[in-house]
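This report is for a reader who is new to the structure.

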Amino acid sequence: MIYLMRHGQDDETYVGGWSDVSLIPEGREEVIGSALWIKDNLDIKKIMCSDVKRAVESAQITSDILDIPYQLNTNLREQNKGLLNGIPKEDAYNNYPGFSDGEVTIDTVFPEGESLRNLYDRMKKYIEEIIKMQDDTLLITHRGVINMIYFLLNHQELDMNKKQFNVDTASIHELDQKKKTIRKIR
């Protein structure tokens, strides 16, 4: 099995993407809770994480609790929101008309960034590598990446409903490599 964990909660007043926004205190506590659950319930042998700050911070906490080093993996990055990465949402909505929540479609390309479909295509190329990974690997990543894996493994058409797979902050998902299925376990 491969396990995926979403990073802890960050400051939602900023655009996420490839931002340098840190975890908030509640996010750190969420990750501690998930890491302790992992320690008690799973036998993780390897940790890989996105190189985006909130994922790295989550990996550092998890690594310390599990006493397993982590490796950075740029393939696990969230959708690149380009010029909007990490800026206050209010500024993004005012300075980039058409990029507010509810206006973006799966094919909307962020200025100097990518669309949701680009992220889907990126993960479609990487999913076979994930499936071939060593058993008991933990991937610490983002909702967008985990959602794309759900879309791909469920053979479901891509849409904008980012909450449909319940990829909450610090949630844990189990990917069965043999059956090519994914499900939330915490």
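Buried means under 20% relative accessible area, exposed means over 50%, and partly exposed lies in between (1.4 Å probe, protein chains only). The model is predicted: local features need pLDDT of at least 70, side-chain atom pairs count only at pLDDT 80 or more, and totals for chains, interfaces and linings use all residues. Residues are numbered from 1 along each chain as its sequence is written, and side-chain values use heavy atoms, with hydrogens and water left out.

**Helix α5**

Helices (H or I, at least four residues) and strands (E, at least two) are DSSP runs, numbered from the N terminus. Helix α5 spans residues 143–153 and is mostly covered, with 11 of its 11 residues buried. Among them are Arg143, Asn147, Tyr150 and Phe151. Contact means heavy atoms within 4.5 Å. The buried residues of α5 pack against the strands β1 (2–6), β4 (137–141), β5 (172–176) and β6 (181–184), and against α4 (116–131).

**Aromatic rings**

Rings of Phe, Tyr and Trp (its six-membered ring) pair if their centres lie within 6.5 Å; planes under 30 degrees apart count as stacked, over 60 as edge-to-face and the rest as tilted. The structure holds 3 aromatic pairs. In one of them, the ring centres of phenylalanine 99 and phenylalanine 110 are 5.2 Å apart and the planes are at 40 degrees, so this pair is tilted. Phenylalanine 99 and phenylalanine 110 are both in the loop between α3 (89–95) and α4, 11 residues apart. Both residues are buried.

Another pair joins phenylalanine 151 and phenylalanine 165: the centres are 5.0 Å apart and the planes at 90 degrees, so the pair is edge-to-face. Phenylalanine 151 belongs to helix α5, whereas phenylalanine 165 lies in the loop between α5 and β5, 14 residues apart. Phenylalanine 151 and phenylalanine 165 are both buried. Together with Tyr150, Phe151 and Phe165 form one aromatic cluster.

**Positive phi angles**

Most residues other than glycine have a negative phi. Just after α5, histidine 155 has a positive phi of about 50 degrees. Two further residues with a positive phi are listed here.

| Residue | Phi | Place | Relative accessibility |
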